[in-house]
Amino acid sequence: MNISSLGEEGLNKLSKMLDNSSCGWRQLANAATEHPQFRCSETELTSCSIQVLDAAGSPARTFLAWLADRGCSTDFLQHYLRKMDHQEALQFLTAAVSEQIKITVQPQSQQAPLGSRVVLTCRATGPSGFSYQWFKGKEEILHETGSLPELVLCPLGPAHQGHYICRISYGENWTFSTWACIRLLHFAGSSPGCSSMFPVSGLQISQQPSSQAASEGDVLVLKCRAEANPPPQYEWYHNKMPMSQQKACSLRIPCVTTEHRGEYRCKVFNLYHEAWSDTATVTIGPSSVTDASWVEVDRGFESQEVQRSTTRSGVNPVQQMACPPPAAKNFSATDKVALLIGNMHYHYHQQLSAPISDVHELTNLLRQMDFKVVSLLDLNCQEMNSAVSEFLLLLDKGVYGLLYFAGHGYENYGNSFMVPIDAPASYTSKHCLCVQNILTRMQEKKTGLNVFLLDMCRKRNPNDGLIVQPGILKVTANIVFGYATCVDAEAYEVKREDVSNGIFISFLKRHVCEDEKVTVMLDKVAEDMGRCAITRGRQALELRSNLSERRSLTDRIQPMDSSASDSARNLQWAIAHVLPESSSLNFDCGVKVQLGFAAEFSNIMVIYTRILEKPAEIDSCSAQLTDFPQEVDIDLKKSNQETLVEAGCLLLIKEELPSLEERSLYTRIRSLQRLKRDLTFTVCLHYTYSNMDEEVVERLPVTVGKPLVSKLNLHESRTSSSCSAILSPSLDSFNYPESSSFASIDSPSNTWPHYGDTGSAVSQSDSLTFSRGANLPEESDSPGELDSRQPLTASKSLPHSQVNEINYKFSDMYNLHSL
């Protein structure tokens, strides 16, 4: 309760009591210095003092206005007046505050039968800290649970008859409610003063609302029934706030979200009685894919959006799917690698929302199965071509290769095309990547398994009449195509307020970790999609395969004898996940700042700053980042934010909130693949001394090299000669740093070993191990001094509960329309 709530009249009266030199506003200013927010500089004190030169001026009034502007509450002011021992001002302030207490709900007289439950309610608003005291006549009723705004009489007996009143106390001041009379009805019949044609009976709740656990998108139903004459009325409350539209005995919310969690109560009343139901607690768990609100976005050539309804939904971290251990069998992979591309922010086409979460979830699941994963968002044509070339470098004989693409796409004459974000409005095959061409290049590596998961539309592109002739495919019997939709059909996504999901991934993530043949696993996904009402007749998974062996994504890795190509593959994958080492910066003023890094994707990094040490004479300080290169993409409005969500990072979460002393500022950097030189930026330290008002800024330039995928120079075109050179035993083409620390996604130690040169990197390639199930973030820290900081962890998954057609209603199907 800010002191400005005392009003102009109250502040003026208080000012007159403080306009004196012995025990006045100056002594109050000295007492308030214990709180940094209310410390005054000499300039401010002087500006208050000179008010005496004005006939109507008041130094104390100016000082109180200054306190009000800085959020001083009446509690703080009372505390300071008590320290000054200014009894007159303290009594006035206490009385003024007590007058702010207003009773909003008065207890009501009631008649009820023997053994029933009666609740008297009294609620008030005003300053924090007031208490409720209930009296029957002149005797105080002591609650076993302390001061409560409600008095429950249950079971009602003869001793409960009488008059009740509630006293709301604040300090030494109080105010009383109106009297309420409780009368006992010994039998249902006419009450005194009423006609026998309208017998009055006591109000009794016969059905109480029950606590429930629901999933996002479920239908929530709470029921409360009561018996009374006159007939009762109902009013529902959510977290003690009335729900204006809920006036029936049954509360029904057709599509719940996280905002609907909490406590529900129903007030039942009529002309003579009032009663409250028991409290029902509603918890909201993981969302259900069929019960969600769907805004389905076409990922095809023609922009089409089908909207059913919209709803608010947050970002809920959920339990990650556990991968079963692989069964003993004869098939194994020499290695397992995956390239995941999600295109969202198209320059000339409809924007998509789901690829960011789809790529993130599939990345987590594949890493559990020991896949080396490179995950990239928003690539142009050049970058997609280069990323595929780098992906092919990771393939070799017996390696399992998986390519996942989420974005716009199309299919012409049996060939599938992935659309980059810079494709023109009327794009053709020359602007896109042909999937069949990539398959031809994969077969040249003699891979053990080739899996393509294409989460895009397959409608024909009328602007493209060219028939592409991909290279001749070999008969390898190890190819699997999982299309998110059928030929000449669209693929859709579940659009939410923060984080969306594609329909394909929503079903795929349930089965992808199962120890089944890849085609069997995808058949289960297709069956689930076929049982879902929202997808039936609109999107169905199509499986194309010539896989003759029972190979699964969970097959164990059995490396061949160490070779230069194995070392090159491990090193090339590791290069795409290099993070700068966390370090500490020492400023001239004596402040020490921690600079740390975490990877959200292979081309998206989060930089955080944290104050480690500061001199006692510095009041407050913060370290902010600025002056980034133009190549990288940074949302300036979301940079240097106190939470990851405010920084735009929805997929990294913190296990625990840091303490105030360890508060961090986060900045999210995207499009690292476009970085052409070392990443440089400036750390700006903003700080103020306790005896100064002016803010001081100190800058330190920082260079952290080329982090993550930027070291692969995807912005440069690739040639066949360069590709073969990288796989040569010399490894000279890596341009690998002489001394570097690799942040491992999967290693429990969370850091790669140090290598003195490229030769030693090759010799120690066996130490690049990948543990099953590890899902740590790509994050670096300096050892020792930074052990106390709170860890960043990757959110496990954004799951959906089991699809149940019975629970899902799609009655407004006819409302779907094309745009």
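The axes of helix 1 (residues 7–18) and helix 4 (residues 59–69) come within 8 Å of each other and cross at roughly 125 degrees. That makes helix 1 oblique to helix 4. Angles under 35 degrees count as roughly parallel, over 145 as roughly antiparallel, 65 to 115 as roughly perpendicular, and the rest as oblique. Axes are lines fitted to C-alpha atoms, for helices over the stretch in contact, with angles from 0 to 180 degrees between N-to-C directions.

This is a predicted model: local features need pLDDT of at least 70, side-chain atom pairs count only at pLDDT 80 or more, and totals for chains, interfaces and linings use all residues. Residues are numbered from 1 along each chain as its sequence is written, and side-chain values use heavy atoms, with hydrogens and water left out.

Which residues meet? Helix 1 brings Glu-8, Leu-11, Asn-12, Leu-14, Ser-15 and Leu-18, and helix 4 brings Ala-60, Arg-61 and Leu-64. Contact means heavy atoms within 4.5 Å. By class, the residues of this contact are five nonpolar, two polar and two charged. Ala, Val, Leu, Ile, Met, Phe, Trp, Tyr, Cys and Pro count as nonpolar, Asp, Glu, Lys and Arg as charged, and the others, Gly among them, as polar.

Now stay with helix 4. Eight of its eleven residues are buried, so helix 4 is largely enclosed by the rest of the structure. Buried means under 20% relative accessible area (1.4 Å probe, protein chains only). Among the buried residues are Phe-63, Trp-66 and Leu-67. What do the buried residues of helix 4 pack against? Their partners are helix 1, helix 2 (25–32), helix 3 (42–49) and helix 5 (74–84). After helix 4 comes Gly-71, with a positive phi near 80 degrees.

Two of those partners also pair up. The axes of helix 2 and helix 3 come within 12 Å and cross at roughly 160 degrees. Helix 2 and helix 3 are therefore roughly antiparallel. Trp-25, Arg-26 and Ala-29 of helix 2 touch Leu-45, Cys-48 and Ser-49 of helix 3. Four residues of this contact are nonpolar, one is polar and one is charged.

Step back to the whole protein chain. It has 14 helices and 45 strands. Helices (H or I, at least four residues) and strands (E, at least two) are DSSP runs, numbered from the N terminus. Of the 819 residues, 55% are buried. Among contacts between residues at least 6 apart in sequence, 73% join residues at least 24 apart.

Definitions and conventions
Buried < 20%, exposed > 50% of the residue type's maximum accessible area, 1.4 Å probe, protein only.
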